[in-house]
Amino acid sequence: MATQHGIKFALHIITNHFGNLVAKVCECLLRRGPLSLQHVIRYTELSKIQVKNSLLVLIQHNCVQAFYLDEPDAPKSTQYMVLFDNIIHRVRFSKFLVTVSQEFDKMCVDLTEALLQHGRLTLNQIHDRFNSIQKEGNSISLDAVQENLHKLVTSHYVERCPLSEPVLTQPDQDEVPARKRGAKSSKIIVEPETLEQRVIAAAVPVEAKRFSLITDDERNADAVKDKCDSCTEHVGEKRKYDALESDVDSGGTEEQAVLWRVNFDEFIRRLRHKACTENIRTRLDDGAAIVISAMLEASRKEEKKVKTAKSAPLSLDSIYEEVIKNEMGRNMTFDHVRASLFQLSSGPPFVIVEDDSYIIDFKCIMKLAQSDEVESVVLKRYGKDAYRIFRSLSEAGRLLETDKISDTVFVEKKETTNILYKMWQDNYIHMEKIVVGTTIFLLWKINKETLWKTVLDEMFHAALNLSIRMAYELEQQQEVLNLPADRREGPMKVKFERLKKVRMLLESSQMKLDDAIMLFHDF
Amino acid sequence: MSRLQGPSSLKRPRPGSNSSTQALTEHEHIVYELIRSKQDMGIWTRDVKRETNLQDAVVNKSIKALQAKNLIKEVVNIQSKGRKHYMAAEFEPSKEISGGAWYVEGNLHTEFIEILKKLCVKQVERLKIATLEGLHDSIKRSGALNVDLTKQQIEQILRALVLDDKIMEVKSNGLGDFTRIPVGKICYKCVSKAGPKIGAMASIPCGVCPRINECTPDGVISPHTCVYYKKWLEF
Ligand code: SF4
């Protein structure tokens, strides 16, 4: 869901990272949806070579995915689709690196950083890059690079790049003969909803191949077979369409020509887990946080997608086993864990108990965290009484009459009406009028779906503004920044110190706001 | 505190107390009967005029006379405090008119409510896990109040505290702190980190900005010119 300001923020990021030309092509795709090369050229009024190069940059950095729609009414040319989420991920690279650094050593972090910086790289390219920044005599062997790459691939932080141009055939077409593997067409495929989801699903290599370091010889045969029916892979087939094959993978053996990239999904999943744990910590206590974190770890393997609603069921024993793997958890007794599990299930059901097993309700945790965020905005914008009113409406989840609200929140009726009215004007709540005889009753409720969308849009707007302001502050203080440290004296020193504080505040706010954006958009 | 009027303190209407109505003029009689017929809802002067079809001056005069004879009284209608609202003397304003038990003379009794809230939080803190009945009891026994509160009233206070995010509802499992409480019973406990958390949006200017819809990168209102930012970044 790319909101208006989401698009503006994405374009701001692309402009900062790749300049105006690429941003122009990106904007065209963001605003108009998937387009063919010809159409992008027409709409942007740029030259063919400009558009081509811009698309190549965007593909290289995983912000655009090409595909071919093999459907009767579809245009007979390669389409380019912009991947909004991947653009926004670009402001999270530092978070991804922290995540890797918590589990692996420096070389893995550097490797991840290289991939984040360059988008897609082959093993050889990674190796070259490593050695180009090493001091002389300190060269790193290809084996060492491969070993670290292996670690990252095994933990799913790095994956093989998706197909450069998957072909999408129409779903549900029993009559149409399957193009390559008729025998497998009976396999049931749950059809993803949006075109974007379909394209991504079609482009992603099958799980076994996606995270495999095995050479191409072994997989070539399987790969063709394993793809699902609605997305046919044209391995080795010469493109008839105007696909923009990235030329970064020219040369080298098959093995080294495999392109690798960072797997954003895995990072987002980790950050989602972290957010869950931290949320439980602030809401309940450290014990509950340790238990949740252990449960996340224990059920991790069963998780198929990022936005999993519920974890796999876990037994008390398996949870305890995981708890004591953690240093902090070792202080916990069996009873303590049991008590924490109870705590997690007795208030809002963060954990559901079912036949002696325990299931994490991600949705419940996320929903409450989202409500917290919105409520705190309401508190700051409209005050304490409004906060209470908002919470009572949120809790009710249905239409409530003014008097009823006023009674439950202990706010004077007139004041209640005023507050409700203000929030209604800002689109925070929904109002309905009912006329009974000569009396008009006002009924109110929170329309979560629209409100959450508004809030997310405002978050993107705020993120954009933070970034603009940061650039402005730095620009204003160019003079101070250019001064060598030993010449910063008097007023210049004061200015420099201020700028340092400004930067720190803006940067930490950006990170925090991005956490909130993920909460509403990615989790 | 005794100003708080619980439902129990409602005076029952005394029927047939019309001994003093004999000395009324015809107009006064009409007005009085109308007002009295409205029982505990009372009536607005404008409606008296409309329903009796009498002239303004006559109605006003009659009302004055009836008030002087203590047959009717002026009451505050919390729906519209500015309007003159009358009721026969023997009635007490209904909940719709008075605002209910938490209102005194048309005003919400906020100080009293605040005292009660504090008292409840203190008791929940002390008990760690509390049921409604337990709280009702312990408040009564504490002798901190010189009025009797009903269980419903305590419950209302607890609901408000939940909305304040000061306490939370939990269900008993009959174990640990809940040993004395039946399984499944709703209990109250204090929120570990009381008070609302300040979210990411609430801690930056744009998150709570009233002008956000007018703010654009190159507009009159922009992050460059923003007064909220200026203030925020004052070090
Ligand atoms: S930059 Fe300033 S004016 Fe614009 S939305 Fe933010 S706080 Fe409001």
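In this predicted model, chain A and chain B bury about 4600 Å² between them, and carbon and sulfur atoms give 60% of that area. Buried area is the accessible area (1.4 Å probe) that two parts lose on being put together, summed over both. On the chain A side, A:Phe410, A:Glu412 and A:Arg469 lose the most area to chain B, together 16% of what that side buries. In contact terms (heavy atoms within 4.5 Å), 51 residues of chain A meet 55 residues of chain B.

Most residues other than glycine have a negative phi. A:Phe410 lies in the loop between α19 (402–409) and α20 (413–425) of chain A. Helices (H or I, at least four residues) and strands (E, at least two) are DSSP runs, numbered from the N terminus. A:His156, not a glycine either, has a positive phi of about 70°. A:His156 is placed in the loop between α8 (142–154) and β5 (158–160) of chain A.

The ligand site is shared between chains, because residues from chains A and B surround the ligand. Chain A supplies A:Asn465 to this shell (a heavy atom within 4 Å). Chain B residues there include B:Cys206, B:Cys209, B:Cys215 and B:Cys226, along with B:Tyr228 and B:Tyr229. By class, the shell holds 10 nonpolar residues, 1 polar residue and no charged residues. Here Ala, Val, Leu, Ile, Met, Phe, Trp, Tyr, Cys and Pro count as nonpolar, Asp, Glu, Lys and Arg as charged, and the others, Gly among them, as polar.

UniProt, in an unreviewed entry, places "domain: RNA polymerase III subunit RPC82-related helix-turn-helix" at residues 10–67 of chain A. That span is 76% helix and 10% strand, with its end C-alpha atoms 22 Å apart. UniProt annotations may be inferred rather than shown by experiment.

Residues are numbered from 1 along each chain as its sequence is written, and chains are lettered from A in the order in which they are written. Local features need pLDDT of at least 70, side-chain atom pairs count only at pLDDT 80 or more, totals for chains, interfaces and linings use all residues, and side-chain values use heavy atoms, without hydrogens and water.

Note on methods:
Contact means heavy atoms within 4.5 Å.
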